[in-house]
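User: I would like to go through the labels used for this model and hear what each one rests on. Please set the values against the cut-offs.

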Number of protein chains: 2
Amino acid sequence: MTARGPALPRITDVAALAGVSTSTASKALNDTGQLRAETRERVRRAAEQLGFTPDSRGRALSSGRSYTVGLITTDSSGRFSIPIMLGAEDALSAGEMALVLCDTRDDPLRESHYLRSLVSRRVDGIIVTGRRTEPRAPIDVPIPVVYALSPSTDPADTSVVMDDRGGAAATARHLLSLGRRRIAHVTGPATHLSAVTRAAATVETAGDAIAGEPMHGEWSERWGRHAVDVLLRSTPDLDAISCGSDQIARGVCDRLRELGRAVPDDIAVTGYDNWTVMALASRPPLTTVDLQLEELGRRTAQLLLDTIAGTPHPGRLEIPTTLIPRESTLGT
Amino acid sequence: MTARGPALPRITDVAALAGVSTSTASKALNDTGQLRAETRERVRRAAEQLGFTPDSRGRALSSGRSYTVGLITTDSSGRFSIPIMLGAEDALSAGEMALVLCDTRDDPLRESHYLRSLVSRRVDGIIVTGRRTEPRAPIDVPIPVVYALSPSTDPADTSVVMDDRGGAAATARHLLSLGRRRIAHVTGPATHLSAVTRAAATVETAGDAIAGEPMHGEWSERWGRHAVDVLLRSTPDLDAISCGSDQIARGVCDRLRELGRAVPDDIAVTGYDNWTVMALASRPPLTTVDLQLEELGRRTAQLLLDTIAGTPHPGRLEIPTTLIPRESTLGT
């Protein structure tokens, strides 16, 4: 046992020090049974002196709960799942629940291994999250599950998602309110639901002010730089570029500066994600849409706690996104 | 119970379906006791039919172990702790251990709350990690602990750290091997151990080829851009800039390009971190040092498993960093 450091004090040690039986010590610490106040106090002092911590696994077994929630994620990069995880962990730890991390690395075998392991641990519930907004097949376990960011295809499940339509519409309205009337949209692959959703909402909201079809490419700065060259040839009177991500918007700003076009005086630029390492390092810093991922994680955990407590919330809950105006549209 | 979906099948259900007693069913599934092969087989089929999963908490209580490890991190951004966590989770899940996440947000009250909670859950061990390389005060718990990235101040503890001296020395040797003889070093705050360690190793390795004192500033692209202006005035014959982070190096490359200086033909540039979103988006992509954080997390978990099994490894283990040569020194 030396390798484990000093052994944990046990209830029997507390009882011995207090000079009472183990069952009396247990009653004193659990505030049950008929004991004299003086006895209860003596046991408490003994427990404190020994640094005794009750074994929460006993409580867990007798209540039929493990006070543990599993988080299954496919997003190894952590760009989206980390803030969600932190929000969830915040909400759960307030309720004394622990969060067990399971990273599937997009491998179905790893996912089913983890599901078996979580079920055998009798976790009270499971949060399933990913990096895409496309609906995913539900997992098949006999315990409460809530889906975050990537919703379940089953409408009877509980899913918490971001409001991509609202976020894209807010940037378009912001550009219109600044008097922009020739707005291009540059975004990620047409095979990504988030790109398509944002593009549709931008086109619909901008109305007559949209300049050309949405331009789909990769989620990269390089695509942003390249798109500027294409756009300035096709639409020389452009006065705004709304982008589907902060990475694309950063590339757009860099290329516009290199070509001597002032942002935002000549052309206003908006990003999407509020990924601060991109949005703030951009020259100028980007007006963008904050995804409120930590809030999304917090709400996911709260809905899971409700479901565990017997009050499920089937359906989809959309967490509103927030427009963050900065110099790329407002100027300095 | 409807909110929880169908109840989990119990060992009594398996016994009833197989037409045996509960104790016989338990023996059959645990491969203990004296049973006829036919009985054992009938119980197994019943368990399979019902989708029965043994409750691992029983195994945990009887073995005195919870098959759970806590991870305490102060790095909410997750830039450093996420890869460490994924590496640890990989090593632990191979041993059927679960990883419980505890984000302290640098708040001592949250940290002690989490420690009490982990002890009361009888986790088998704890990993402590942060975002700084400065040694930190050890935590006081009666269970095995291993420190990752931020080592314990107590040399009797087990700490796994990155080899910052080795990484910085490797970039300096790389620049020397390319014939560079006027090498400046631009890095983060002089109050950060990682900046000071990398600077000292760079100066020592570069020897006569070092140009001036290391320049300390913030960990940002802006500082990199600003440092270029200062350097080109003070040391116009500069032929290399070694940077303490990829963010700084990216700023350096941007400013050199804006001033018409070719990277690497006129001035070679190196980064540090291999933070791919910076290192690959840089123009040109950065030669940099990979911190091997996932490997660091994996080794941390392995040392913790050893300690739990009774074989502690007191002291510091340094995980070698890896030089990743790219266009910012090699050209295209």
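User: Which residues are linked in a network of salt bridges?

Analyst: The model is a predicted one. In it, the network takes in A:D229, A:D254, A:R255, A:R257, A:E258 and A:R283 from chain A, together with B:D229, B:D254, B:R255, B:R257, B:E258 and B:R283 from chain B.

User: What makes B:E258 and B:R255 a salt bridge?

Analyst: The distance between their side chains is 3.2 Å, N to O. The cut-off is 4 Å between a side-chain nitrogen of Lys or Arg and a carboxyl oxygen of Asp or Glu, so the pair qualifies. Both residues sit in helix α10 of chain B, 3 residues apart, which is about one turn of the helix.

User: Why are B:E258 and B:R255 called partly exposed?

Analyst: B:E258 has a relative accessibility of 36%, and B:R255 has 21%. Buried requires under 20% and exposed over 50%, so values in between are called partly exposed.

User: What makes α10(B) largely enclosed by the rest of the structure?

Analyst: The count of buried residues: 10 of its 13 residues are buried, so the helix is largely enclosed. They are B:D246, B:Q247, B:I248, B:A249, B:R250, B:G251, B:V252, B:C253, B:D254 and B:L256.

User: How do you know that B:S245 caps the N-terminal end of α10(B)?

Analyst: A side-chain oxygen of B:S245 lies 3.3 Å from the backbone nitrogen of B:Q247. The limit for a polar contact is 3.5 Å, so this distance is within it. After the helix comes B:G260, with a positive phi near 80°.

User: How does the span of helix α5 of chain A compare with what 1.5 Å a residue should give?

Analyst: The 14 residues of α5(A), 81-94, should span 20 Å, and the end C-alpha atoms are 20 Å apart, so the two agree. Of these 14 residues, 11 are buried, so α5(A) is largely enclosed by the rest of the structure. Among the buried ones are A:I82, A:M85, A:L86 and A:E89. Just after the helix, A:E96 has a positive phi of about 60°.

User: What makes B:E221 and A:R250 a salt bridge between chains?

Analyst: Their side chains come to 2.4 Å, N to O, and the cut-off is 4 Å, so the pair counts as a salt bridge. The pair crosses from B:E221 in helix α9 of chain B to A:R250 in helix α10 of chain A. Both residues are buried.

User: What area do chain A and chain B bury between them?

Analyst: About 5,400 Å², with 50% of it on carbon and sulfur atoms. In terms of contact, 61 residues of chain A meet 61 residues of chain B.

User: Why is B:R136 called buried?

Analyst: B:R136 has a relative accessible area of 18%, and the limit is under 20%, so it is buried. B:R136 is in the loop between β3 and β4 of chain B. Its side chain makes a polar contact with the side chain of B:E111 at 2.9 Å.

User: Is B:E294 buried or partly exposed?

Analyst: B:E294 is partly exposed: its relative accessible area is 26%, so it falls between the limits of 20% and 50%. B:E294 lies in helix α12 of chain B. Leaving aside neighbours within four places in sequence, B:E294 is in contact with A:R105, B:P83, B:L86 and B:G87.

User: What does the salt bridge of A:E204 and A:R165 tie together?

Analyst: The closest N and O atoms of this pair are 3.1 Å apart. A:E204 lies in helix α8 and A:R165 in helix α7 of chain A, so the pair ties together parts that are 39 residues apart in sequence. A:E204, at 58%, is over the 50% limit and so counts as exposed, whereas A:R165, at 39%, is partly exposed.

How values were computed
Residues are numbered from 1 along each chain as its sequence is written. Chains are lettered from A and ligands numbered from 1 in the order in which they are written. This is a predicted model: local features need pLDDT of at least 70, side-chain atom pairs count only at pLDDT 80 or more; totals for chains, interfaces and linings use all residues. Side-chain values use heavy atoms; hydrogens and water are left out. Buried means under 20% relative accessible area, exposed over 50%, partly exposed in between (1.4 Å probe, protein chains only). Helices (H or I, at least four residues) and strands (E, at least two) are DSSP runs, numbered from the N terminus. A polar contact is a pair of N or O atoms within 3.5 Å; within protein, one must be able to donate a hydrogen and the other to accept it, and residues adjacent in sequence count only if both atoms are side-chain atoms. The expected span of a helix is 1.5 Å times one less than its number of residues. Contact means heavy atoms within 4.5 Å. Buried area is the accessible area (1.4 Å probe) that two parts lose on being put together, summed over both.
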